[in-house]
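Colleague: I would like to learn to read a few features of a model. Please take them one at a time.

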Amino acid sequence: MSRWIIALLMTGVSAAQETPQSENRSDSLWYAQPAAVWTEALPVGNGRLGAMVFGGVARERIQLNEDSLWSGGPQFADNPDALKHLDAVRELLLEGKYAEAEALTYETLVCQGAGSGRGNGAYVPFGSYQTLGDITLDFGADTTAVDSYVRALDLDTAIASVRYQFGETTYTREIFSSAPDQAIVIRFTADRPGAIFFRASLDRDPRRSSRRWKNDSRIEPFEQSEETEPANMARVENGTTLVLAGRAWMGNGMRYEARLLIRNEGGHLESSDGIITVRDADAVTMVLVAATDYAGNDPTATCERQLAQVANKDYAGLRAAHVRDYQDLYRRVSIDLGGAAAAAQPTDARIAAVQSGADDPALAALYFQYGRYLLISSSRPGDLPANLQGIWCDHFQAPWNADYHHNINDQMNYWPAEVTNLAECHEPFLKYIASLQTPGSRTARIHYDAGGWVVHTISNIWGFTSPGEHPSWGQFMAASGWLCQHLWEHYAYNGDRDYLASVYPVMKGAAQFYLDTLIEEPEHGWLVTAPSNSPENKFRTADGVEANVCMGPSMDLEILHDLFAHCIEASEILDTDADFRATLIDTRSRLAPLQIGKHGQLQEWLYDFDEPEPGHRHMSHLFALHPGSQITRNGTPELAQAAEVSLRRRLESGGGHTGWSRAWIVSFWARLGNGDEARENLNALLAKSTLPNLFDNHAPFQIDGNFGGTAGIAEMLLQSHDGAIELLPALPTAWPQGRVTGLRARGGFTVDIGWNGGQLTEAIIVADRDGPCAVRLDRPLRVFQGNDEVIVMGPANAVFEAQSGAPYTLRP
């Protein structure tokens, strides 16, 4: 057995380690050493409260988050002068004077004020999501030799753990964030009585934060910080509780409070100078609660109430309630792609092996379930939606403010929600989208003299809907249309007519904005958006002019086609707004069509422009392939071929170099039915854009790639966007056998799938309600209800009548 040497205040661990058999689990991340930096720490969360566990031995750091803790505050950022220049910008675009149009847009159509601060908005009104602070534990070690060190995150229980042996004593910690009790719980045990000693402190110190645009913080603080925010140290209350209270944004922003209750079993507590010391304890339970004054909340009263509610609950009860609540969501879906023996290796070693070319299908399955874990842990009903970093952030100035980016990022966060059976976790995003109507209607009126509502590229927790401060990325006017796709998708999976009636006005308002703002392109009479951009990408005209600002980029028109189609269908289902529906049908028919360009590619812009950066990370014109459904390999094969040409051209020029971009590519290939290409890009995501704790690396850390990767794996195994359930539509040859259970299909179906030799062996479909079930087949299948054969289907599309709740088994 190897031995780990831990020096004073150091947590670096070297040497190989025998694998404890208890850690050989396919649904666990585990490591043989503490985290050296933040992106090696393990995340726990309950949707609102998050923590990152480093697992130090001499000293431990547990970094904390509360999902509403932002700097900044509400502001009026709409630009009253923008409207009077709008027609001039449009006229320049219609005349093909792109450089002049872009210059005028930059000068006149941006928000007023600093906007997002170019992604550094912590000290301007837009604000930044921020760390709550840190728990520091000093175990008093001078020079300590420990054996059998294991740090793990069990995805099945959502519990992080640290275990090691020191001398004759084995020490264990468990950490979880409980949704039922709205608390982070930390448990310390030892297998000898009276063996637990540590000093605990709680603070909010910028020196502990990662430096800007990096994820480099450690257990020990830096000597200095880049930030000007003052440090704040908790006080001791009643000898058992550390209370951290203050105001963000240099003392001018929101109030926050955190309370850490320490309960010892055996031994005793001592306190002085903001530190509580535990001596000679048999076991210790720490409970942390936290809140802010966001939306009128009283953080002190909230913390006091939450601590009172858990004060008399023992650890076993807290743990059991947490596990029961979490597993109700997590255990809905299981996945086995083979190769389970690889779980005997530490997770970081498995990532390194994939980086060296190894194939690890079980790591892909772990990554899939990790994405579901992260969504459960960062997005629960009643909380704010997951931001660019979910809820985990150790910065005062987060990269891109860890805000809500609507030109793909927050949408990607929620791609796995419905298909991986986590519909409840979608709710915070759906409610947030609806909340943007009020500020968005003001922006529509002030900037465009339009009805309805609009949001552009960026938002914060106060409902920022204005164009961003730089139109190259901030003038994306189709964002609200894209957001509304999520409102429809939630209905498409659950079929709840009352829910549809509640969100239809939101969708209708978004559509009304576009009806009021579309202009006619003179050459063909097509309707187009203007001014807009194909997110963050430039085009080059035949005479060499390069610009971002344009009219009618393909993505805008694809999003409008999607939005109008959903509004039309919703109005039919609800039997309302016949005149409005007719207007949408007519307007949709006049939108500029999708076009195939000179390279055989799907055009990204209205005209067949080339691009200065052919390997650009955004592949926005492929929205119609995924997450949209305007392009399908069965329904529009020529456009699907053009989309494939565009995708290959992007990849050949170096595209997919960010984590979220690579994740999107997995879904593109899955929609094109190419499982081997999908798997190749999934492996590239794991090898090139995955951090040691499996966080996605943009770089720096950005959580959308995790969620996009999970959604991509689901798309490889099940699709339902094209009017029928398709089983194993993009199964790679490297996954010859496996099983997935609990996936969801549009129309209200739960689907289990098993396969062997690359072929379907059995599928089980359960319908939420009575009605037809359409399945797309490539060979005949028999359908059984119990032991009774219902129908022989296929090949091609087949339909059988399903009864609610009855399992139907499909076999060759």
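Modeller: Start with one loop: Ala-699 lies between α18 (675–688) and α19 (704–717). Helices (H or I, at least four residues) and strands (E, at least two) are DSSP runs, numbered from the N terminus. This is a predicted model, where local features need pLDDT of at least 70, side-chain atom pairs count only at pLDDT 80 or more, and totals for chains, interfaces and linings use all residues. Residues are numbered from 1 along each chain as its sequence is written, and side-chain values use heavy atoms, with hydrogens and water left out.

Colleague: Which residue does a cis peptide bond join to Ala-699?

Modeller: Most peptide bonds are trans. Here a cis bond joins His-698 and Ala-699, with omega about 5 degrees. The bond from Ala-530 to Pro-531 is also cis, with omega near -10 degrees. Pro-531 sits in the loop between β23 (527–528) and β24 (539–540).

Colleague: What is phi of Asn-238?

Modeller: Most residues other than glycine have a negative phi. Asn-238 has a positive one, near 60 degrees. Its loop runs between β13 (235–237) and β14 (241–247).

Colleague: In what order do the seven strands of the open sheet come?

Modeller: Strands of a sheet pair through backbone hydrogen bonds, either parallel or antiparallel. This order is β19-β28-β29-β30-β35-β32-β33, with antiparallel pairing. Two strands pair if DSSP finds at least two bridges between them. β19 (334–336) and β33 (788–793) are the edges; each has a single partner strand, so one side of each lacks a neighbour in the sheet. Inside the order, β29 (residues 749–756) and β30 (residues 759–767) pair over eight bridges. Gly-754 has Glu-762 of β30 as its bridge partner.

Colleague: How do the axes of α4 and α6 cross?

Modeller: Axes are lines fitted to C-alpha atoms, for helices over the stretch in contact, and angles run from 0 to 180 degrees between N-to-C directions. α4 (residues 315–330) and α6 (residues 361–378) have axes that come within 10 Å and cross at roughly 125 degrees. The two are therefore oblique. Under 35 degrees counts as roughly parallel, over 145 as roughly antiparallel, 65 to 115 as roughly perpendicular and the rest as oblique. Contact means heavy atoms within 4.5 Å. Tyr-326, Leu-329 and Tyr-330 of α4 meet Gln-369, Arg-372, Tyr-373 and Ile-376 of α6.

Colleague: How many salt bridges are there in the whole structure?

Modeller: Side chains of opposite charge can pair when their charged atoms come close. The search finds 46 salt bridges (a side-chain nitrogen of Lys or Arg within 4 Å of a carboxyl oxygen of Asp or Glu). Arg-255 forms one with Asp-298, the closest N and O atoms being 4.0 Å apart.
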